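Subject: A structure to look through

Dear colleague,

Here is the structure that I promised to pass on to you. Please open it beside this message, and then read on for what was found in it.

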Amino acid sequence: MRQTSKTYSKQNSQEPQVFRGGDKKVMKKSLSLIVAAAMTLTSASAVFADNAPTLSPQEKFDALKAAQIVSGYPDGSAGLEKEMTRAEFAKVLTLVAGLTPDATAATYSDVPAAHWAAGYIGAATKAGLLNGLGGGKFGPSGKVTIEQIAKVADLFAKVAIDENATVAGAVSAWAKAYVAAAIKAGFVEESSNYKANAVREQLINVAYTLYGATQVAVKSAVVVDSKNIEVTFTDGGVVKKALDTALVAGTPTKVSVDYNGKSYEVEVTLAAIKLDSVTAATSKTLKVAFNQAVDTAKATFEVKKDGVKINTSAITFNEAKTEATVELTSKISKGEYAVNVSGLVEGTVLSGTVTTADEKVAKIEVLTAEAPILADNSVDVAYKVTNQYGEDITKVTSVITSSGTADPSKGKVHFDGPYDIVTNKTIAFTIINVDSNVTTTAVVTVVAEATESQVAIVGVYNKDNKTLAETTDLSKDKFFLEIEVKDQYGNVISSPEEANLIVSETNSTIVNLDDNNQVPVLDTTTVDGKVLIALEAPVAGLKAGSSTITLISKKTGKSTAKDVVVAEGARANSVTIGQPALVAAGEDALLPLTVLDKSGNAITDLDVLNSATRGISVATGNTLVKDAGVVYVKVPTPAEGPNVALVTIKPTQQIVTVNYTVRAAAKPAVITGLDKEIQKSISVGLTQDIKAQDLIVEDQYGRVMTDAKVNEWIEADDNALVVTSTYDAATDKSPFEVNATGAADSDAAKQVITEDDDVITLTAKGDAGLNSTEKVTFALSSDEGDHVIAATSKDVTFSKVGVADFASFEIAAPAVVYNDTTKYDFKVYGVKADGSKTLLKADQYNLVKPTEFTVDGTNNNKVSLAAALADTVIDTDSVTTQGVTKDFTFKAVIKDDAASTVTQKVTVSAEARKAVKFALASDGTSGGDALTALEYTTATLNLATIEANLYYVDQYGLETETDNLDAGTILTFSNLTSVAGAIDANGTAGAAVTGLATGDTVKVKIETAGLAAQTFTVTIK
């Protein structure tokens, strides 16, 4: 062995290519075959080693043996202390690299074909991992040194080599940099002699690391939500897996994941959902961040300001469902905002708070250093005011200036002058916001008058982002060409001079522009901040195709061009009619439709579907309707039994039918409970009224009946609601007196109501010795109450409660009231440990109220100012230095053993009442029944018709005295289902639908400045 070693060492005095130090191109081509199959290592330790536990050399040997990379000696030992031959090295490298043994490539004179390692030597040689010794020999029994292993490992793993690196110990010059890199990478340990022969333990350590790098393993497993996980592998692959069974928070769960034909088991744990933070994002929105994606459909939000519940106008989530944006109905002010989220964690309310300040001016900036002189030699300088959220509040912020006059509505400071661009061309001034003490100072230079210099076509604009198509009705759906015009200073001109512009189109048979002999008619009022040119239909109508629009500045000759494309209109090509949900006699049938065009795209636009040439037709009397994005054939009250629905595809004249069955008429079958508004815990002396419509009633098909259907049923001849209590005249201990409208016997055990406005009244008795609960049975009858219908009854337990039954108390009162004598609801509730609330009777607490207020009404449930506060108390005329609001505190001292106390702050405000929203009601007042849809008998539908059902609500929650909508109101009609109906002047205050008939429907959207839009459906009766 020693002699062989000396011989090998002498033979290698001229280092073979793979081990030679000076050759920088070593193995580049051949190694690419191997490295392509291996993971690139980017640090000292391979990914495999990072993920695996620390193993002993013997354990690493056992792992490689199990992977069939190495084998032991005949006696079963690993022989880790023994030196290693080149043949052994060739085998390990071949198997680690995943090469196929190839004995034909071992063309060495000392490696016969029958040699046990011929295949490995051939494969390693072919791949460039190892080379011969010269003279056609390989030297299979020769030994391998530590520095040789270091170099092969570095190259295999693509470790960065520092040519200037040094190491201590004996090392060949060519190997110094490789050994340094291998030590850093953890392939070899520091040694006094790297020229020494390597032993099998050193080979095992390197082979284990390199082999691990070529194996795909799980890098991470992340829980997306309770039903989804995402597993990342060491080769960069990602598997997203949906789980059949939802993960349980806090419980480790093993999941099997398949990847590239192999199965991997990972263990994941769903963290409990937490509300991480609440922040004020804008002046009207709060950002609520969660620690993970949440089920947005289950989340219910409540927002309180200083303990008082406030309204929200919208809740939206980011795409990842980890962050909610809560839009408030009013601006954020100084105080603490608390957000409570329920529904995400059973039995738990997630909460977070943020302390906020009143909106304030954070910055004032002058927007230009150069101000073009105006025609009268005056100058306007633009400025901008932003709040602490970075929002533009210029128009609503008062400022003063050291010179000139500020106009917040325009965001400009006007200087009368006269100015010129030669002798009087510099203006220095300061803008000040007194309330916040924020200022800015600027010096601007007066320059030549601005003129239309640069032009650009932004694109086609439609307020609903629709696509312009040959089927578009431009009289109903407005489209514009949006342009941008700048002056010679690069400033946008908000109202360009039409005469300074030229516009033309290449094909006026496709689409026209609103122009006068190529002078565009500009619209700067339809959309704030946009300059528009209306698109018009040619005489023959819009046609599919494109027309190039060119816009030119007459002043400079600069131009821009853009193609306006009119898309081909959708045409029905195929129809699938689905089965309706259960339909009973007397009910309308809604059969879902799927209508596709030639490209397989769904058509859901009712205007297209009702088109005489592009859409579909249904049987006489039937109509197309749309709900939640789904199109239906509406069949009015089809007959009981088998029915057929028919649809004709207009472009192809193909007829599609479907059979469906109408069941027997629905009727009440069982009472399942009471509406949640009905209190089942009643304070002594108070009452609870119950009408038939307050019951939750299911029909024989298991469907919950609407209030209207329940009322319709009880109004029918002989039908009745029977209410049975536990009252016993002889030994009565029932805690409630139960009475019915018009009942002959007061508090009889059986009470009957037969009309929809009849009332069952429960009154909690105050007598001593009575039971605390009473079971009341509600049942249906078809013979005026003589007998109940079998299996229709529902037992409901009512509780008589006193102050000792509650865990806490709260006052429900408005947070802000107007400075007048309007009466507001005021109630005191007891709150049980389960969170349920019960109204307290006024004699169960002492109310300590501010002297400026009075309370009255049943159970003292109304509060109001005795008289409007004087200007000495609150600023009612914007002249005095008093604040515009003043806070008052109400206190209720409960008559329980602990004398529990609860307070409520009420703010009186002198801010002028203004509409903040409008709503629909049956009589157009807040006292009417709230509506989400309207019905009319008119043949013409317009704003005047709808106004009868609209009312305004101000910031105090009160109905305003405003009778008419703002002149800037926009009325938009869509989804018209009508044979003869036509829409005129759509998108304007004068929009109208004419030619309406019974059964027609149309979707209506009303928009007015500053208020949230209202969208609803109108049906013609």
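Gln148 is a residue of helix H7, where helices (H or I, at least four residues) and strands (E, at least two) are DSSP runs, numbered from the N terminus. Please keep in mind that this is a predicted model, in which local features need pLDDT of at least 70 and side-chain atom pairs count only at pLDDT 80 or more, while totals for chains, interfaces and linings use all residues. Residues are numbered from 1 along each chain as its sequence is written, and side-chain values use heavy atoms, with hydrogens and water left out.

Is Gln148 buried or exposed? With a relative accessibility of 3%, Gln148 counts as buried, a word that stands for under 20% relative accessible area, whereas exposed stands for over 50% and partly exposed for what is in between (1.4 Å probe, protein chains only). Although Gln148 and Tyr194 are 46 residues apart in sequence, their C-alpha atoms are 8.7 Å apart in space.

Helix H8 (residues 176-185) has seven of its 10 residues buried, so it is largely enclosed by the rest of the structure. The buried residues in H8 are Ala177, Tyr178, Val179, Ala180, Ala181, Ala182 and Ala185. After H8 comes Gly186, which has a positive phi, near 85°.

Helix H4 (residues 57-66) packs against helix H9 (residues 200-214) at an angle of about 55°, and their axes are 9 Å apart; axes here are lines fitted to C-alpha atoms, for helices over the stretch in contact, and angles run from 0 to 180 degrees between N-to-C directions. H4 and H9 are therefore oblique to each other, given that angles under 35 degrees count as roughly parallel, over 145 as roughly antiparallel, 65 to 115 as roughly perpendicular and the rest as oblique. The crossing of H4 and H9 is left-handed, a term used if the near helix is turned anticlockwise from the far one by less than a right angle, with right-handed used if clockwise. On the H4 side, Pro57, Lys60, Phe61, Ala63 and Leu64 meet Arg200, Glu201, Ile204, Asn205, Ala207, Tyr208 and Tyr211 of H9, where contact means heavy atoms within 4.5 Å. Sorted by class, the contact of H4 with H9 holds eight nonpolar, one polar and three charged residues; Ala, Val, Leu, Ile, Met, Phe, Trp, Tyr, Cys and Pro count as nonpolar, Asp, Glu, Lys and Arg as charged, and the others, Gly among them, as polar.

In the second pair, the axes of H5 and H6 come within 8 Å and cross at roughly 65°, which makes H5 roughly perpendicular to H6. This crossing of H5 and H6 is left-handed. Ala87, Ala90, Lys91, Thr94 and Leu95 of H5 make the contact with Tyr120, Ile121, Ala123 and Ala124 of H6, and these residues divide into seven nonpolar, one polar and one charged.

How many aromatic pairs are there? The count comes to 12 aromatic pairs, under the rule that rings of Phe, Tyr and Trp (its six-membered ring) pair if their centres lie within 6.5 Å, and that planes under 30 degrees apart count as stacked, over 60 as edge-to-face and the rest as tilted. The ring centres of Tyr108 and Phe138 are 5.2 Å apart and their planes lie at 45°, so the pair is tilted. Tyr108 lies in the loop between helix H5 (86-97) and helix H6 (118-126), and Phe138 in the loop between H6 and H7, so the pair ties together parts that are 30 residues apart in sequence. Both Tyr108 and Phe138 are buried. Elsewhere, Phe826, Phe853, Phe888 and Phe890 form one aromatic cluster.

Lastly, here are some details of the backbone. The peptide bond from Gly417 to Pro418 is cis, with omega near 10°, and Pro418 lies in the loop between strand E19 (412-415) and E20. Gln518 is not a glycine, yet it has a positive phi of about 70°, and with a relative accessible area of 41% Gln518 is partly exposed. Asn860, also not a glycine, has a positive phi of about 50°.

With best wishes
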